Amino acid sequence: LDEIGYKSIAIAVDFDTVNNKNVDIYYYPLPVQLNSFEKYLIQTSPICLLSPIFEKFALINANSSHRKLINYSFDTLSEIPNIDGPKFIYSHITSPHPPFVFDENGQDVEPSYDFSFVDGNAFPGSKDQYRTGYINQLQYINQRLETVINSILNNSEYPPIIIVMSDHGSRLYTDFSVNENSCVSEGFSNFMALYLPGMEPEDIPSDISSVNLFRLIFDYYFSTDFGLLENRYYSDGQLFYNFKDVSSSIDLECKTSQ
């Protein structure tokens, strides 16, 4: 895309591992950027007493900072169509994923447990808290998303390609230590909604997986010849990069206790 004149644009993400600053335009809501270690140090040491001061100039691991970044991301996405020329925009909004910091109307929520992004069996609250928090936060995120999409459609000079895709589904019944104890289909049921001008629904495989989405888009719009890969699904459980093929479990009914 860079070779054919596209600008690359990214909005800050909570996690350094997926935070792409190597772009033409990078959006961040505050003047100072802390790395993951610095955020963790503030959160887990006596320095946390100074959190209200840090939050004035940097994002930290705190509910208020997380709310600020989510709302900032949506606000920024609404304005990006005003930038001239072709552009590729990346925004990874860590929600409705924990922590659950909004109610269904976007009002502040302060969970009774410590700030954390973890879910599955590592979630610090109860299953009921996860279920309620996820559903309420999802309702607010849907409202913001609908507004953003309407803004992009109404203010784009040319019909845009819009991809709304989650990196995974809810993980209420995920056991990070033992794959066999997890509801595999729940975690792998990531949401995907596509606005692809000129492409007919039958052009999109009904079982398309995340790994093939950009291959499909590049082949259709940019005359590349990537083709589609076989759909295979892998989980690394507790050990990163120790992948296990769970393709045969994707469509199995979940066994849950509640």
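A salt bridge is here a side-chain nitrogen of Lys or Arg within 4 Å of a carboxyl oxygen of Asp or Glu. The legends below describe close-up views of a predicted model.

**View 1. R67 and E110 meet through their side chains in a salt bridge.** The N-to-O separation in this pair is 2.7 Å, inside the 4 Å limit of the criterion. R67 belongs to helix α3, whereas E110 sits in the loop between β3 and α4, so that the contact links distant parts of the chain, 43 residues apart. R67 is buried, because its relative accessible area of 6% falls under the 20% limit. E110, by contrast, has a relative accessibility of 54% and therefore counts as exposed, the threshold for that class being over 50%.

**View 2. R67 also forms a salt bridge with D108.** The closest N and O atoms of R67 and D108 are 3.3 Å apart. Since R67 lies in helix α3 and D108 in the loop between β3 and α4, the pair ties together parts that are 41 residues apart in sequence. D108 is exposed, with a relative accessible area of 56%, while R67 is buried at 6%. The structure as a whole holds 7 salt bridges. Side chains of opposite charge can pair when their charged atoms come close.

**View 3. D75 and R144 form a salt bridge between two helices.** The closest N and O atoms of D75 and R144 are 2.7 Å apart. D75 is in helix α3 and R144 in helix α4, and the pair links parts of the chain 69 residues apart. D75 is partly exposed, with a relative accessible area of 43%. R144 is buried, with a relative accessible area of 17%.

**View 4. D103 is buried and has no salt bridge.** This residue is found in the loop between β3 and α4. The nearest side chain of opposite charge is that of R67, 9.5 Å away, a separation beyond the 4 Å limit for a salt bridge. Polar atoms of the backbone lie within reach of the D103 side chain: the backbone nitrogen of N105 is 2.8 Å from one of its polar atoms, and the backbone nitrogen of G106 is reached at 3.0 Å. Leaving aside neighbours within four places in sequence, D103 is in contact with V109, N136 and Y140.

**View 5. Three strands form an open parallel sheet in the order β2-β1-β3.** Strands β2 (25–27) and β3 (87–90) stand at the edges, each with a single partner strand, so one side of each is left without a neighbour in the sheet. From one strand to the next the twist averages 15 degrees. Strand β1 (residues 7–11) pairs with β2 in the parallel sense over 3 bridges, and I25 of β2 is the bridge partner of I9. Helix α3 (residues 63–79) packs on the sheet and touches β1, β2 and β3. The direction of helix α3 makes about 155 degrees with that of β1. Strands of a sheet pair through backbone hydrogen bonds, either parallel or antiparallel.

**View 6. Strand β4 pairs with strand β5 in the antiparallel sense.** The two strands, β4 (residues 162–165) and β5 (residues 192–195), are joined by 4 bridges. Y195 in β5 is the bridge partner of I162. The covered face of β4 carries I162 and V164, and the uncovered face carries I163 and M165. In a regular strand the side chains alternate between the two faces of the sheet.

View 7. I149 and I162 are 13 residues apart in sequence, and their C-alpha atoms are 8.1 Å apart in space. I149 counts as partly exposed because its relative accessibility is 24%, between the limits of 20% and 50%.

Technical notes
Residues are numbered from 1 along each chain as its sequence is written. This is a predicted model: local features need pLDDT of at least 70, side-chain atom pairs count only at pLDDT 80 or more; totals for chains, interfaces and linings use all residues. Side-chain values use heavy atoms; hydrogens and water are left out. Buried means under 20% relative accessible area, exposed over 50%, partly exposed in between (1.4 Å probe, protein chains only). Two strands pair if DSSP finds at least two bridges between them. Axes are lines fitted to C-alpha atoms, for helices over the stretch in contact, and angles run from 0 to 180 degrees between N-to-C directions. Contact means heavy atoms within 4.5 Å. Lys and Arg count as positive and Asp and Glu as negative; His and the chain ends are not counted. A polar contact is a pair of N or O atoms within 3.5 Å; within protein, one must be able to donate a hydrogen and the other to accept it, and residues adjacent in sequence count only if both atoms are side-chain atoms.
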